[in-house]
Amino acid sequence: MGPNTKHPGMDVSSLRGAPVDQPLRRGDLSEDPFLQFELWFREACESSDLDPNAMALATVDERGQPFNRTVLLKYFDKSGFVFFTNYASKKAAQLDENPHAALLFLWPKPGRQVVIRGKAGKVSAAETLKYFATRPRGSQIGAWVSQQSSVVSTRSLLEAKFAEMKRKFANREVPVPSFWGGYRVVPQEFEFWQGRANRLHDRFQYTRRPDAGFDIERLQP
């Protein structure tokens, strides 16, 4: 190994986030975590954070190995939080084997995070079709192209497949692939995290009760 060889690595311990000290008190919270999430989500959209609907999705495989990736929230309501994917992907295989999942939203400008833990299940074909019809045509065709998570030798193969599918569906509607659709994560727990000075952050956890209501507790930072 020559004298100019560099080993990768950085000491980033001195990096600090932008100071945020906006208090979050029990009295500030809605009794309904879905309404509280909607309030924070709207404020995240107004704060110009990039892609406020981006969420980290955590799953585990059959060996208990954790996986994480970013997906986009497409809509939510009292029944849960919905995203769409290829049903042949790793995430889909893991959710089919073990439906327990966690979502993480990070909104840096207001210094907030939301963690949602629950179970995921596939949405109906009708629900998938309704959403698929709203996608840009290029995204519709792209859903047919990628065998998500499988190895591909070059990008040119993907581009050639896209061109092929574009010719195939020319002058007609693009159908929904049978291997593509949505998942809905039904929450059992929410955690709302607000950054504060001196790392004394405010954290509140909502835990679903058998009667479908939620208990709210403050957590230490």
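Guide: Contact here means heavy atoms within 4.5 Å. This is a predicted model, in which local features need pLDDT of at least 70, side-chain atom pairs count only at pLDDT 80 or more, and totals for chains, interfaces and linings use all residues. Residues are numbered from 1 along each chain as its sequence is written, and side-chain values use heavy atoms, with hydrogens and water left out.

Visitor: Among contacts in the chain between residues at least 6 apart in sequence, what percentage joins residues at least 24 apart?

Guide: The count takes in contacts between residues at least 6 apart in sequence. Of these, the share that joins residues at least 24 apart is 64%.

Visitor: In what order do the elements of the chain run from the N terminus on?

Guide: Helices (H or I, at least four residues) and strands (E, at least two) are DSSP runs, numbered from the N terminus. The chain has five helices and nine strands. Their order is α-β-β-β-β-α-β-β-α-α-α-β-β-β.

Visitor: Is D202 buried or exposed?

Guide: Buried means under 20% relative accessible area, exposed over 50%, and partly exposed in between (1.4 Å probe, protein chains only). D202 belongs to strand 8, residues 202–208. Because its relative accessibility is 6%, D202 is classed as buried.

Visitor: With which side chain does the side chain of D202 make a polar contact?

Guide: A polar contact is a pair of N or O atoms within 3.5 Å; within protein, one must be able to donate a hydrogen and the other to accept it, and residues adjacent in sequence count only if both atoms are side-chain atoms. A polar atom of the D202 side chain lies 2.8 Å from the backbone nitrogen of L24. Beyond four places in sequence, the contacts of D202 include L24, F192, W193 and R218. The side-chain partner in a polar contact, at 2.8 Å, is R218.

Visitor: What distance separates the side chains of R184 and E127 in their polar contact?

Guide: R184 lies in strand 7, residues 180–194, and is buried at a relative accessible area of 16%. Its side chain also makes a polar contact of 3.2 Å with the side chain of S79. For R184 and E127, the polar contact between side chains is 2.3 Å.

Visitor: How far apart in space are R184 and K119, C-alpha to C-alpha?

Guide: K119 is one of the residues in contact with R184 when neighbours within four places in sequence are left aside. The two are 65 residues apart in sequence. In space, their C-alpha atoms are separated by 8.1 Å.

Visitor: Against which elements do the buried residues of helix 3 pack?

Guide: In helix 3, residues 125–132, the buried residues are T128, Y131 and F132. They lie on the same side of helix 3 because they cover an arc of only 100 degrees around the axis, the arc being that of the directions from the helix axis to the C-beta atoms. A126 and K130, on the other side of helix 3, are exposed. The buried residues pack against strand 4 (80–86), helix 4 (137–145) and strand 7.
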